[in-house]
Amino acid sequence: MLSACVADVSDSSIALVTGLDTDGHRWQAWLNLDNAAALLVEEPEEVDDVSLWIATPEFEEAIEQKRVELDAEVPADAEGALMWASAAGVQVTAQQSRIEELLRVQETFAEELFDALLDELGFPEAAHSAPQP
């Protein structure tokens, strides 16, 4: 069994990264936490029109609360990423604080954050092969 890591990217603004190691241990982390928080906020049952709710202070408070919850998970997410990379056979030199920093960064494109995360974890860049005729 090989280690694997995928990023489920939504509209380039958010990604859920999932890693699975050879022992079956899994870790996950959100990229672009502000966008993730807005996506994950549950709307109250009494809301009939979501477009009206998102313009309220209550919506902003709900996003901030969800952002705090996601931020609290960052240290464990970073530790999981480091353990996964190590289990994948990569010589990890990154500090957990640097991985945490990447998980908290807000970028325009989540794909760029995913690339930066893999780079920081020590994975070599993908070799680009010549197109086949």
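Here is a short chat about a predicted model.

Trainee: Hi! Which residues have the most contacts inside the largest nonpolar core?

Mentor: Those are Trp 27, Trp 30, Leu 31, Ile 99, Leu 103, Leu 117 and Leu 121, in a core of 31 residues. At least two core residues come from each of strands S2 (14-20) and S3 (26-31) and helices H1 (33-40), H3 (57-87), H4 (96-104) and H5 (110-121).

Trainee: And which one gives the most?

Mentor: That's H3, with 9 residues.

Trainee: Back to Trp 30, then. What does Trp 30 touch?

Mentor: Leaving out residues up to four places away in sequence, Trp 30 touches Ile 14, Ala 15, Leu 16, Ala 36, Leu 40, Leu 70 and Leu 103. Leu 70 is also one of the buried residues of H3.

Trainee: Nice, tell me about H3. How many residues does H3 have, and how far does H3 reach?

Mentor: H3 has 31 residues and covers 44 Å from first C-alpha to last, close to the expected 45 Å.

Trainee: Where is the kink in H3?

Mentor: At Val 74, shortly before Pro 75, with a bend of about 40°. Val 74 is buried, and the buried set of H3 also includes Arg 67, Asp 77 and Trp 84.

Trainee: What follows H3?

Mentor: Gly 89, with a positive phi near 90°.

Trainee: Switching to strands: parallel or antiparallel for S1 and S2?

Mentor: Antiparallel, over 7 bridges, with S1 running through residues 4-10. For example, Val 6 has Thr 18 of S2 as its bridge partner.

Trainee: What about the turn in that hairpin?

Mentor: There are 3 residues between S1 and S2, and Asp 11 in the turn has a positive phi of about 55°.

Key. Residues are numbered from 1 along each chain as its sequence is written. This is a predicted model: local features need pLDDT of at least 70, side-chain atom pairs count only at pLDDT 80 or more; totals for chains, interfaces and linings use all residues. Side-chain values use heavy atoms; hydrogens and water are left out. A nonpolar core is a set of buried Ala, Val, Leu, Ile, Met, Phe, Trp, Tyr and Cys residues joined through side-chain atoms within 4.5 Å. Buried means under 20% relative accessible area, exposed over 50%, partly exposed in between (1.4 Å probe, protein chains only). Helices (H or I, at least four residues) and strands (E, at least two) are DSSP runs, numbered from the N terminus. Contact means heavy atoms within 4.5 Å. The expected span of a helix is 1.5 Å times one less than its number of residues. The bend at a residue is the angle between axes fitted to the seven residues ending there and the seven starting there. Two strands pair if DSSP finds at least two bridges between them.
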